[in-house]
Amino acid sequence: MPAPAYPTDLTLYIDGEWVAAGDRATHAVIDPASGATLADLPLATTDDLDRALAAAEIGFREWRATDVNVRSAKLRKVASLLRERAADIAPLLTMEQGKPVKEAIGEVAGAAALFDWFAEEARRSYGRALVRPEGQRAIVLQQPIGPVAAFSPWNFPHFLMARKLAPALAAGCSIICKPPEETPACTSALMRCVADAGIPGNVAQLVFGVPAEVSSHLIASPIIRKVSFTGSVPVGKHLMKLAADNVTRTTMELGGHAPVLVFDDCDLDRTLDIIVPQKFRNAGQVCVSPTRFYVQSGIYDRFVEEFTARTEKLSVGSGMDEATQMGPLANGRRPEAVGALIEDARANGARVATGGERFSPNGGNGGFFFQPTVLADVPLKAKIMSDEPFGPVALMRPFETFDEAVEQANRLPYGLAAFAFTESLRQANRLGDAIEAGMVGINTVGISSVDSPFGGVKQSGYGSEDGIEGLQAYMVTKAVHQA
Ligand code: NAD
């Protein structure tokens, strides 16, 4: 089946109206596999944002008063529309973000699963009654927090917008989504499903703009009661400071630098089968990407060698090509940033086992491609051991003892995901306790599912998405005392 054409009539979605560019400033959307311009995206003006805020205030009042069964049914409808349209949405995501279409289809399926999960959770937002003498009561209520401003990033643009949109709507909140300007078609397609499912246009809205201008304008508004952000640590800290002015609640998912502890007693083949594809999924642009490999000395050389051999077999190219296992990086900033970190690691004595360079699989036709890379014997002083590479790079170092491995895993001020591979039950249990991270995968990389909380500790952020916690993030607790 031929891929759908990339839409050249991109819009904002404000108060139920799909708003075309008119005389607004625009942003060029780039195909990362070729560097060509796909379309021009309109950027919201402050008048647009004010209109969205006013609509969100009214939308919140109406939506919170809507029967929860009606809200739940509409969320389910979004899920079914996403599944119906997945084959059309996924290629758009690939064209603008670069990931292989197969991964893009999985991303849309993940978004649908979120809408189904929160359609159910919406109906399970229970309070409790505290019984007092003589008929007195205190009733603890969970209520929707209010209009939400949601900022999501470009690495999983469709799924990560859904991760904020679905629980906010389930809780009874209105929401203004500001997804990334790099990937507007797949997020617009998501918003189209929301609109077609009958969710009012003043309840769920979509704006694009200059990120710093949009965030400062929305967060400064007293209408906004909750900010949810997924992205980098520096931007997260900045938004937290903006939110502090109105004491607005935030959820922050800020990335990490995931350690992988590989013990001598692991099932080596199974470990490699699992971890190599996971490392290069979405070209390593994943906040929970396995990155710092600490490998016990008895198997270190073999692990590096076999990891490298598998890495060299990966087929890299356009995500639209079915044979592709890894696409380009998502934008022009990434190859620069990854290349600079690798250069610094080399200068500090790291050994390049494979990769390490930009390249063009199109025979010089541009694009933001980077070779899948393995760096061995990386010294701790190399910047890449502390700065998240957010690219297709695996870093390897040997370790001797359990305590040393845990110390290295916990060395950084981040704590989002961590992984460990061992066949020892006792060691596995101790690791689950000792590692400072929001999610720990032991003998698995499956650490994200709709029913399980997802979020970090330390500078990786706070608050959880998904799970029952994901709904709570959009609610406030009130105690009503009756005498
Ligand atoms: P960046 O720090 O400029 O931006 C990160 C994200 O925040 C982007 O989506 C961007 O649109 C948004 N943003 C930037 N300034 C903003 C502002 N003032 N207000 C609101 N939103 C703002 O970096 P980048 O080049 O886009 O991405 C690079 C780094 O971001 C990566 O190295 C990675 O650490 C991090 N990142 C993390 C995730 C994640 O899932 N946690 C996702 C994407 C990027």
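How do the residues of the lining of the second largest pocket divide into nonpolar, polar and charged? There are 16 nonpolar, three polar and eight charged residues in that lining, where Ala, Val, Leu, Ile, Met, Phe, Trp, Tyr, Cys and Pro count as nonpolar, Asp, Glu, Lys and Arg as charged, and the others, Gly among them, as polar. The points below set this pocket in its surroundings.

1. Basis of the note. This is a predicted model, in which local features need pLDDT of at least 70 and side-chain atom pairs count only at pLDDT 80 or more, while totals for chains, interfaces and linings use all residues. Residues are numbered from 1 along each chain as its sequence is written, and side-chain values use heavy atoms, with hydrogens and water left out.

2. Domains. The domain assignment of the chain gives domain 1 (12–254 + 460–482) and domain 2 (258–449), with bounds that come from an automatic or database domain assignment. Taken over C-alpha atoms, the centres of domain 1 and domain 2 are separated by 31 Å. To the contact between them, domain 1 brings 24 residues and domain 2 brings 31 residues, contact meaning heavy atoms within 4.5 Å.

3. The largest pocket. About 1,100 Å³ of space lies in this pocket. On a 1 Å grid over the protein atoms alone, a pocket is an open set of points with protein on both sides within 12 Å along at least five of seven lines, a cavity is a set of points where a 1.4 Å probe fits but cannot get out, and lining residues have an atom within 4 Å of a point. Grid points are joined across faces, edges and corners, and a volume is the space filled by probe spheres set on the points. The largest pocket is lined by 46 residues, of which W154, G231, S232, V235 and R333 are the closest to its centre.

4. Where that lining comes from. Two or more residues of the lining of the largest pocket are given by each of β3 (26–30), α6 (211–220), β10 (226–230), α7 (233–244) and α10 (333–347), and α7 gives the most, with five residues; helices (H or I, at least four residues) and strands (E, at least two) are DSSP runs, numbered from the N terminus. By class, this lining holds 24 nonpolar, 13 polar and nine charged residues. The largest pocket lies between domain 1 and domain 2, because both give residues to its lining.

5. The second largest pocket. Its volume is about 670 Å³, and among the 27 residues that line this pocket, P100, V101, K102, E103 and T324 are the closest to its centre. At least two residues of its lining come from each of α2 (68–97), α3 (101–122) and α8 (268–280), with the largest share, five residues, from α8. Domain 1 and domain 2 each supply at least three residues of this lining.

6. The sheet of seven strands. This open sheet has the order β14-β15-β16-β13-β12-β18-β19, with mixed pairing, where two strands pair if DSSP finds at least two bridges between them. Its edge strands, β14 (351–354) and β19 (439–442), each pair on one side only. Strand β13 (residues 290–296) and strand β16 (residues 393–399) run parallel and are joined by five bridges, and Q296 stands opposite F399 in β16.

7. Helices across these strands. Helix α8 lies across β12 (258–262), β13, β15 (373–376), β16 and β18 (417–421), and runs at about 150 degrees to β13. Helix α11 (residues 402–409) lies across β12, β13 and β16, at about 165 degrees to β12. Axes are lines fitted to C-alpha atoms, for helices over the stretch in contact, and angles run from 0 to 180 degrees between N-to-C directions.

8. The sheet of three strands. A further open sheet has the order β5-β6-β22, with antiparallel pairing, and its edge strands are β5 (128–131) and β22 (475–482). Four bridges join β5 to the antiparallel strand β6 (residues 137–144), and V131 stands opposite R137 in β6.

9. Cavities. The whole structure holds three cavities of 30 Å³ or more. The largest cavity has a volume of about 60 Å³, and P259, R292, Y414, G415 and A417 are the closest to its centre of the 15 residues that line it. The second largest cavity, of about 50 Å³, has 13 lining residues, and V286, S289, T291, E388 and F390 lie nearest its centre.
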